[in-house]
Amino acid sequence: MHRLPALLGAATLALSPIVAEARTVVVTAAHMIDVLAGRRVDNAQVVITDGKITAVGRRGDAVPAGAERIDLGERTLLPGLIDMHVHLTSDPRLSGYRGLEFTDNFATVVGVANAKKTLDAGFTTVRNVGSGNYDDVALKQGIEGGYVPGPRIVPAGYALGATGGHCDATEALPPSFAAVPNPSVADTPDGYRKLVRTMRKYGAEVIKICATGGVLSKRDSPGAQQMSLPEMQAVTAEAHMLGMRVAAHAHGTAGINDALRAGVDTIEHASLADAESFKLAREHGGWFSMDIYNDDYILAEGAKNGAFPESLEKERLIGRKQRETFRAAHAAGVKMVFGTDGGVYPNGDNARQFAKMVEWGMTPIEAIQAATKNAAEALNRSDVGAIAPGRYGDLIAVDGDPLADVRTLERVSFVMKGGEVDRDPR
């Protein structure tokens, strides 16, 4: 009888849940960029518990007992950066027909390498707007499962487009390839609705469409519209009903404007946008994601990388115009996010675009906000994009002041994702 209380006590302990002790990390630095307020803060201290930021204050503020400490000295802290337009599974050295030398799933291996390079460069979140074989979904699963390092990925699966258009993977191939399955192509509103549902079914979290022709495709014109307004309306209606946002590759004016009328959330490239485009973007709340760095790389390296001669000629015609449009759109008050088209140039060099954004009209803080709070808003996410309580512990640090010289962001020395250190200069 005397054993009963002991047995009951043991049973109670056995049934009680085991509560893991919270892991707290305290990061301090001489300076911090508060992207929400648009200013620099000195003597910063950030407290991260179980991967999420719980407090932001000043060095010396009280912290939980037993917390790990990371002191970054005279460096400047920023939120982990966000690139809204990447192709992690692409390598620009395999342009034109060179990619046909490799097996179908080779791109996933390329993506593993590029994911690490991108994270090391300080980009802790990316939106991957188009890949074959759902490689970006696989990469996301591998990163989240702890198999490989990399940023948080918002995958699109296949980019959707019209037969013979920029998103038709067989566009540059002969008719004998017509029997090759092409799960990214439709030619009617109902066909696009089906594709949206299919992308979501297999793991896409954003829908990418090709509203116009492109530069790196072989036969089409960047300015030519390739999807009708009803088709784009079908995509956005279906995606928004499913809680997904839509990105539209669009260089040409007519395609840009119809995409905005259709309710597309972000316009990618926006090279030939005009005053009407700016007006529609403001009215509909659309964001411009303009890749104004990669022109330098394409024209310098494209020929030796195997790019189509037609593509290089298109780039010569459209590259400077896109930069002029960027300046005009910014001056007109269009909402802007940071998107580079990583994969068209080497992934990991994403931060080289910041200097171009400043050269073509933005202040350094505006360029940084495009890659942090603006991008988070365009993603409809409140867990990334700022150093604030409730957000992920995604932090980077640089030597120097990026508000004085935005190029310091090209030399990130410290990277933390979800409270775990990726790069440590100490």
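Biologist: Helices are DSSP runs of H or I with at least four residues, strands are runs of E with at least two, and both are numbered from the N terminus. With that settled, where is the place of S131?

Modeller: Please keep in mind that this is a predicted model. In it, S131 has its place in the loop between β7 (123-128) and α3 (135-144).

Biologist: Buried or exposed, that S131?

Modeller: S131 has a relative accessibility of 8%, so it counts as buried, the cut-off for that word being under 20%.

Biologist: And which residues is S131 in contact with, leaving aside neighbours within four places in sequence?

Modeller: With those neighbours set aside, S131 is in contact with T89, D136, G157 and Y158. With D136 there is also a polar contact, which joins the two side chains at 3.0 Å.

Biologist: Another loop, then: where is G66 found, and is it buried or exposed?

Modeller: G66 is in the loop between β3 (52-58) and β4 (68-71), and it counts as exposed because its relative accessibility is 77%, where the cut-off is over 50%. G66 and T24 are 42 residues apart in sequence, and their C-alpha atoms are 7.9 Å apart in space.

Biologist: New topic. How many disulfides does a search of the whole structure find?

Modeller: The search finds one disulfide. C167 and C210 form it, with their sulfur atoms 1.8 Å apart. That pair links distant parts of the chain, since C167 lies in the loop between β8 (152-155) and α4 (189-201) while C210 lies in strand β9 (residues 206-210), 43 residues apart.

Biologist: Are C167 and C210 buried or exposed?

Modeller: Both C167 and C210 are buried.

Biologist: On to the domains. What does the domain assignment give?

Modeller: For the protein chain, the assignment gives domain 1 (24-80 + 386-423) and domain 2 (81-349). The centres of domain 1 and domain 2, taken over C-alpha atoms, are separated by 31 Å. Their contact takes twelve residues from domain 1 and 13 residues from domain 2.

Biologist: What area do domain 1 and domain 2 bury between them?

Modeller: Between them they bury about 960 Å², and 54% of that is on carbon and sulfur atoms. On the side of domain 1, G80, K417 and D422 supply 51% of the area it buries against domain 2, which is more than any other three residues supply.

Biologist: How many salt bridges and how many residue pairs in polar contact are there between domain 1 and domain 2?

Modeller: The count is two salt bridges between the domains. There is also a salt bridge between D394 and R152, whose closest N and O atoms are 2.9 Å apart.

Biologist: You mentioned D422 and β16. What does the side chain of D422 meet in a salt bridge?

Modeller: D422 meets the side chain of K116, at 3.0 Å from N to O. Because D422 lies in strand β16 and K116 in helix α2 (residues 106-120), the pair ties together parts that are 306 residues apart in sequence. K116 has a relative accessibility of 29%, so it counts as partly exposed.

Biologist: What about E420, which side chain does it meet in a salt bridge?

Modeller: The side chain of E420 meets that of R23, at 3.3 Å from N to O. This pair links distant parts of the chain, with E420 in strand β16 and R23 in the loop between α1 (3-15) and β1 (24-34), 397 residues apart. E420 counts as partly exposed because its relative accessibility is 48%, and R23, with a relative accessible area of 32%, is partly exposed as well.

Biologist: How many salt bridges does the count come to by this rule?

Modeller: The count comes to 26 salt bridges. One of the pairs is D258 with R261, where the closest N and O atoms are 2.9 Å apart. D258 and R261 both lie in helix α6 (residues 253-261), three residues apart, which is about one turn of the helix. D258 counts as buried because its relative accessibility is 15%, whereas R261, at 39%, counts as partly exposed.

Biologist: Last one: which residues are linked in a network of salt bridges?

Modeller: D296, R323, K356 and E359 are linked in such a network.

Note on methods. Residues numbered from 1 in each chain as written. Predicted model: local features only at pLDDT ≥ 70, side-chain atom pairs only at ≥ 80, totals over all residues. Heavy atoms only, no water. Disulfide = S-S within 2.5 Å. Buried < 20%, exposed > 50% of the residue type's maximum accessible area, 1.4 Å probe, protein only. Domains from an automatic or database assignment. Contact = heavy atoms within 4.5 Å. Buried area = accessible area lost by both parts, 1.4 Å probe. Salt bridge = Lys/Arg side-chain N within 4 Å of Asp/Glu carboxyl O. Polar contact = N/O pair within 3.5 Å; in protein donor to acceptor, adjacent residues only side chain to side chain.
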